[in-house]
Amino acid sequence: MIMIRVRDLEVKRAQRVVCRVPELDVHSGELVTIHGPNGCGKTTLLRVLGGLETAFRGVACVDGERVFVHQDPVLFRGTVMANVRYGLVAHGISNVRSRSLDVLAKLDVAHLAARDVRYLSAGERRRVALARALVLRPRVLLLDEPFDELDSDGRSRTRKMLADLSGAAIVIASPHPLSFSSRNVSLAGAAQQSR
Amino acid sequence: MPRSALRSNLRRSVPPHEAGRDLNLMAHGLYEAGRLIASGDALVFAAAGRSLAISVAAVLLAGVVAIPLGVLLADKAFPGRTLLVLTLRGGMGMPTVLVGLLGFALFSRRGPLGGFDLLYSPEAIAICETFLAFPIVVSWTHAAVSGLDPRYAETSRTLGATAPRRWWTLAKEVRLSLVLALLTAFARCFSELGIAMMVGGNIKHRTRTLATATALETSRGEFVRGMAMSLILLVIAVLVALAAAALTRAREKESA
């Protein structure tokens, strides 16, 4: 089942093409890595798919609930638990606390649940931001360079959690191809064209 | 005219025994003001209490509508938004006598709200001061939320928050700026004279505020009482400025 369909996508900023994707389909249960050098439009593509960028040409259809995690995610004022609960409460999901604690435990940050987010390290902030997205079990998950600032333990835990999201379509933006992806798609061509 | 003649004219215009009289009056006024405050003069403190109550009510009334509107203006684009924001910014410097005049026209017997019999009441002053505080709070809120990292709104949106929930989140992120906006609006309302005079009428035991009392006492030649009123105004204004400075420091510390 196709969850993401992109056709002839073109995003321009100040008369300059910043992202061009002729064709891209992502199926349910697939993990696709969009890779390429800086400025090739990886983030822009994810923002379009996440519904955060609306000025574009072409087709970008996403089927189902989608969550986008920024390359440098922000956490809301308050505790780690308040952040992880945020999306669950917004969706009116019950059993918020146990679900949140479960995801935090899988990312090895359950002990930080009551901590104010101002006192987290960069890696911890990254894990909390991932937990906040993963706890929603979205049908479409869009992660912008999610392994930045994560240590090897954080990377392997994140990989495991992504593997557990059965049925979800996951798109990761990364500067390099990722070995555990179902598919690696290069945006380098688009970058060269846009220049 | 030769310079020596000018000097001699100047010397004649201020007799030696009157030189420094104004300064003495001021010092005396300050002393008496301190004494009045220390003795808890009923009229002075009644006016101060009334000024506080009216200003707080006006700022809270304005805040209830102005904060959500400021967040909305920062988060949602619509035709005419820039014009509305600019108009509200312009409204920050609205002359108090103009608001007082409009309030008078509204609340007077023949005005559209004349039936409520609000003219020359503290409620009328509070309502008019609300319009004075409103553009200040909206503009500050709009500026604070506009200056917030756009990722906050985007994250809230992508996590499925509804628009009101997203606005609540954004408001919480800039809460210190919002308190600062309310304090600024309070300072403006607390020290204003035009509205209190025009729709309040400066009625003793009813609508007399610190600002109108100061004007009245000074015009009656009761310099000392006027000075006492101004001192209380000044002390409260300084306290508000200190609170604002402390909040600004806290905000800078948080964003560091």
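Q: In what order do the strands of the open five-stranded sheet in chain A stand?
A: This is a predicted model, where local features need pLDDT of at least 70, side-chain atom pairs count only at pLDDT 80 or more, and totals for chains, interfaces and linings use all residues. Residues are numbered from 1 along each chain as its sequence is written, while chains are lettered from A and ligands numbered from 1 in the order in which they are written. Strands are DSSP runs of E with at least two residues, helices are runs of H or I with at least four, both numbered from the N terminus, and two strands pair if DSSP finds at least two bridges between them. Here the pairing is parallel, and the order is S5-S6-S7-S3-S8.

Q: Which strands stand at the edges of that sheet?
A: Look for strands with a single partner, so that one side of each has no neighbour in the sheet. Those edge strands of chain A are S5 (66-69) and S8 (183-186).

Q: What angle does the direction of helix H1 of chain A make with that of S7(A)?
A: Helix H1 (residues 42-49) of chain A packs on the sheet, touching S3, S5, S6 (140-144) and S7. Two residues are in contact if their C-beta atoms, placed from the backbone, lie within 7 Å. Axes are lines fitted to C-alpha atoms, for helices over the stretch in contact, and angles between N-to-C directions run from 0 to 180 degrees. With S7(A), the angle is about 155°.

Q: How is H4(B) set against H6(B)?
A: In chain B, H4 (residues 81-91) and H6 (residues 122-146) have axes 8 Å apart and pack at about 130°. Angles under 35 degrees count as roughly parallel, over 145 as roughly antiparallel, 65 to 115 as roughly perpendicular and the rest as oblique. Therefore H4(B) and H6(B) are oblique.

Q: Which element gives the most residues to the side of chain A that touches chain B?
A: The contact takes 14 residues from each of chain A and chain B. On the side of chain A, S5 and helix H2 (80-90) each supply at least two residues. With three residues, the one giving the most is H2(A).

Q: How many helices does chain B have?
A: Zero strands are found in chain B. Along the sequence its pattern is α-α-α-α-α-α-α-α-α-α-α-α. The number of helices in chain B is 12.
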